[in-house]
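Trainee: Could you go through this model with me, piece by piece?
Mentor: Gladly; let us bring it up and then start with the loops.

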Amino acid sequence: KKVIFSGIQPSGDLTIGNYLGSLKNWVKLQDEYDCYFCIVDLHAITVKQVPSDLRRRTLELMCIYIAAGIDPNKNTIFIQSHVPAHSEASWLLTCNTYMGELSRMTQFKDKSQRYGGESISAGLLAYPDLMAADILLYNTDLVPVGGDQKQHLELTRDLANRFNNNYSPTFKIPEPYIPKAGARIMDLQDPTKKMSKSADNVNGIIFLMDSPEVIKKKIARAVTDTVGVINYCNEQPGIKNLIDILCALRSTTPEQVIKDFEGKGYAELKNTVTEALIDELEPLQNKVKALLEDKKALEEIYTEGAKKANYVAMKTLRKMQKKIGFIPH
Ligand code: AQP
């Protein structure tokens with residue numbers, strides 16, 4: 001079986017962007033591939049985190065993986081910091097990365113602007129090295145990536161090739177895996193920006209754990225336009241986003257939605273989107289809440305996941321260390 005690696009950061013409460021753009025698609029991969037689904041807490045601390053929030057979100061994220069349909073018996077679900085090889089391999093790769101490669105990354109430029117000035121951590125700059133370590137440690141064949149992560153994966157491939165050339169063949173070169181239905185969900189208040197869990201204005205974000213009332217309010221307030229006709233085009237980014245959300249939830253197409261809503265107004269579209277969201281999220285939320293109750297069962301899952309991940313990751317790390325010239329022990 002080919003290997004897939006993917007992860008989500010517990011850097012904020014999960015949004016429907018994370019869910020519809022990645023998590024929902026992972027579920028379809030688990031039968032065909034050997035999947036590693038990681039909760040990337042080491043990545044999350046590249047920006048400031050409140051310890052108690054990080055703890056809560058990490059476990060909640062694991063429950064969301066499982067509630068979304070990822071089977072812990074079929075896949076390796078684990079917490080990144082439980083596998084020390086990630087930090088170690090990341091350092092080894094950092095020392096083989098050029099400053100220019102890191103400072104050119106769009107996400108670094110965006111986030112360093114967002115978090116401003118001197119408070120930016122060096123971790124934010126080195127983020128792609130940690131991501132490369134995540135992927136390369138498991139001899140990953142395929143990485144499901146949203147458009148926003150393509151550049152990082154390209155750097156991972158460059159780093160793998162560089163290491164293979166500088167020392168000797170060590171890493172498999174991973175390929176991007178672009179899912180057929182990979183929706184990119186935009187912010188409801190500024191639909192030219194992607195919906196992000198750490199954005200400031202919560203009105204633009206539907207969190208996975210938002211209550212039906214909150215979902216209703218946020219969708220009702222979503223920015224639209226003055227055209228008054230439901231089209232799927234870049235000139236109407238708010239409406240386009242609502243259609244994308246609906247399509248991802250109801251497995252339909254923009255063409256079909258436009259047909260269904262011919263002669264209807266924005267309010268009707270918003271009602272349907274709200275309904276579709278609540279239909280999808282309510283059962284998911286109930287499952288998450290039930291899973292969170294049983295801390296012992298969760299501990300078993302992440303302990304088992306870390307054991308499996310550690311075994312594979314350590315083997316790769318040892319290889320790297322040996323080739324670099326470290327004394328084996
Ligand atoms: N708006 C989005 N639409 C579709 N996919 C999205 N993803 C994120 N936002 C959207 C996908 O979610 C996965 C996990 O993302 P991440 O936790 O690694 O961090 P991110 O991509 O930086 O996501 P956020 O929500 O924007 O987090 P913060 O605010 O912490 O940076 C990825 O596969 C991503 O493509």
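**Loops, strands and helix contacts**

Mentor: S251 lies in the loop between α10 (237-250) and α11 (254-260), where helices (H or I, at least four residues) and strands (E, at least two) are DSSP runs, numbered from the N terminus. This is a predicted model, in which local features need pLDDT of at least 70 and side-chain atom pairs count only at pLDDT 80 or more, whereas totals for chains, interfaces and linings use all residues. Residues are numbered from 1 along each chain as its sequence is written.

Trainee: What is the phi of S251 like?
Mentor: The phi of S251 is positive, about 45°, although S251 is not a glycine.

Trainee: And is S251 buried or exposed?
Mentor: S251 is exposed, with 7 other C-beta atoms within 10 Å. A residue is buried if 20 or more other C-beta atoms lie within 10 Å of its own, exposed if 12 or fewer, and partly exposed in between, with C-beta atoms placed from the backbone.

Trainee: OK, what about N139, where is that found?
Mentor: N139 is found in the loop between α7 and β4 (142-144); N139 has a positive phi of about 50° although it is not a glycine, and N139 is partly exposed, with 17 other C-beta atoms within 10 Å.

Trainee: Switching to strands, how many residues of β1 are buried?
Mentor: Five of the six residues of strand β1 (residues 3-8) are buried, so β1 is largely enclosed by the rest of the structure.

Trainee: Which way do β1 and β2 run, and how many bridges join them?
Mentor: β1 and strand β2 (residues 34-39) run parallel and are joined by six bridges, two strands being paired if DSSP finds at least two bridges between them. I8 has I39 as its bridge partner in β2, and I39 in turn has I79 as its bridge partner in β3. β2 and β3 also run parallel, with four bridges joining them.

Trainee: Now the helices: at what angle do α4 and α7 pack?
Mentor: Helix α4 (residues 85-94) and α7 pack at an angle of about 120°, with their axes 8 Å apart. Axes are lines fitted to C-alpha atoms, for helices over the stretch in contact, and angles run from 0 to 180 degrees between N-to-C directions. α4 and α7 are therefore oblique to each other; angles under 35 degrees count as roughly parallel, over 145 as roughly antiparallel, 65 to 115 as roughly perpendicular and the rest as oblique.

Trainee: And how do α6 and α7 compare with those classes, in angle terms?
Mentor: The axes of helix α6 (residues 106-115) and helix α7 (residues 122-137) come within 10 Å and cross at roughly 160°, and α6 and α7 are therefore roughly antiparallel to each other. The contact is made by F108, K111 and S112 of α6 with L124, L125 and Y127 of α7, where residues are in contact if their C-beta atoms, placed from the backbone, lie within 7 Å.

Trainee: Last one, where is R157?
Mentor: R157 is in helix α8 (residues 150-166) and counts as partly exposed, with 18 C-beta neighbours inside 10 Å. Leaving aside its neighbours within four places in sequence, R157 is in contact with I173 and P174.

Conventions. Contact = placed C-beta atoms within 7 Å.
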